[in-house]
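Please look through the sequence and the model below, and then read the short report that follows.

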Amino acid sequence: ADMAQHPSPKICGEQNNTWALLLRDPQLCKGQTRLLQPCFERLLIAYTRHLTRFRWEDVEEHNHPHSSLLEEAFDEKDDYDLFIGDFRSKTNLNIRMISGIEPKLAVNIIHQRFEYLFNTYASGNIRDNLHPSSSQLTQESTAVLNFEGFTLPLDNTIHGLPDWAVDETKTNDPSFMDPNRVTIRNEVRSLLGDIASKIIAWNPNDIWLKFRRVTLLESLKYYWKHDPTRLISAIDAFLQCLGEESTDGGVLSNDVISLRKKAGVSLIAVTKMVPHLLVGWLGQLSDRCKTLLSMSSMLPANRMHLYEFLSCVATAVEDPTTRSNFVANVLSDALNKLESPMVKEAISSPDSLMQFMGVIDAGANPSTVTDKANVERVSNNFSELFSVFNQLLSVGKRCQEAARKRPNAGIPVTESQLLATQNLASFPDEGSISINELSLNDPFVHLWPRILPSLMQALNTLFSLWHPSNQSKYFQNSVQ
């Protein structure tokens, strides 16, 4: 444990496999001997420090306090990048196991680290490695690097916590109500609640600090399911970032695009974990998403995230009819586009699809591939067609996942119906089943009659393109 705190992360990393073996041994960790517990505090402190990436430029320019040591440990930047990826992967598991063994200690260490980072860097006053034109913090700024390095320890500490350390609902379980465990649980929930409150209240001005705030909120997904009091505020923070604009009000910068995409991914990750806790706000969330979807600057990927988000929440609605109607309403725009004359014409034949995608025009006149207006038109055509199928795929997958998690595992016959059946040789997955019965479990099913005709036609057209005669016809010119 003392060696793990050596300034060189490589020395700490070389111990990871050994610690993993020791932590898996119940006689060492959970027996009365408790041989390893005295080492946990030093080990966790070392992990939280070494998981923070340092700038290799600082090593080369001897601006890092341990430049000479790090130059001996790593040959070049690529060597360090390869190491830090492997180090983080192995360290994640060790942090998770320590958290499961000593939850109070693990959360205390994480809270202390968070307090230091939040008090030091959250204000954005420490400014280095700024963007040359916007003067914003960048990915290589010290504040951003430190919050990035804190994300994994927070995520894995919460993920590794035993249920008794955070779940206060099982009051009838004697193992949960042990006085010592109750004391630990109260302290753990208090510390995690403090972290959650400060992250939600944090309102940084720099795009990359907003990005790190989103990642920290996502890391709390295992905490929200046990204490949802601040969950809706976290969801609101994700939705705010989905509508983030550039600081100059012009074209979206790459940093803003990255923030929006990360906010969308994090929104889905949290919602998948606790959709049932958001059902009560479904109406308000739907209105908020409609406002965002009406924005002309909304990215196609984020539109998909919003549809997927609403479908995740909708699958937790108990009433099958309400659930199905809401999913149908969420996908109404995609279904209308799929049935529009433009899409039907585009997928009607290989000729129509290639004309729609600009391939035929490129063969007849190669200069069209550099014509700005033509490129924009073809790009919009592709985006429209691709987005329709992608939205249907994303929502369909979420609905199917939710259906499989229901008590009957997606089989559209309840246990009581099965027991009441006279013919016991007739299993619920045999014989004819109406689409209405299937829709009781999967709210996406009743949309298949509207989707299948266009989907089958699109598949037929795409498969036809693989025929040698069509290959030679449509792809004669290299620009095609």
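The buried residues of helix H15 are Leu282, Leu285, Ser286, Cys289, Leu292 and Leu293, where buried means under 20% relative accessible area, exposed over 50% and partly exposed in between, with a 1.4 Å probe and protein chains only. Seen down the axis of H15, these buried residues fall within an arc of 120°, so they line one face of the helix; the arc is that of the directions from the helix axis to the C-beta atoms. The face turned away from the buried side carries the exposed residues Gln284 and Thr291.

Helices are DSSP runs of H or I with at least four residues, numbered from the N terminus. What covers the buried residues of H15 includes helix H13 (231-242), helix H16 (300-314) and helix H17 (320-330).

## Basis of the model

This is a predicted model, in which local features need pLDDT of at least 70 and side-chain atom pairs count only at pLDDT 80 or more, while totals for chains, interfaces and linings use all residues. Residues are numbered from 1 along each chain as its sequence is written, and side-chain values use heavy atoms, with hydrogens and water left out.

## Two aromatic pairs

Rings of Phe, Tyr and Trp (its six-membered ring) pair if their centres lie within 6.5 Å, and planes under 30 degrees apart count as stacked, over 60 as edge-to-face and the rest as tilted. By this rule the count comes to 17 aromatic pairs. Phe147 and Trp202 form a tilted pair, 4.9 Å centre to centre with 40° between the planes, and both of these residues are buried. Trp208 and Phe211 also form a tilted pair, at 4.7 Å and 45°.

Key. Helix = DSSP H or I, 4+ residues; strand = E, 2+ residues; numbered from the N terminus. Contact = heavy atoms within 4.5 Å.
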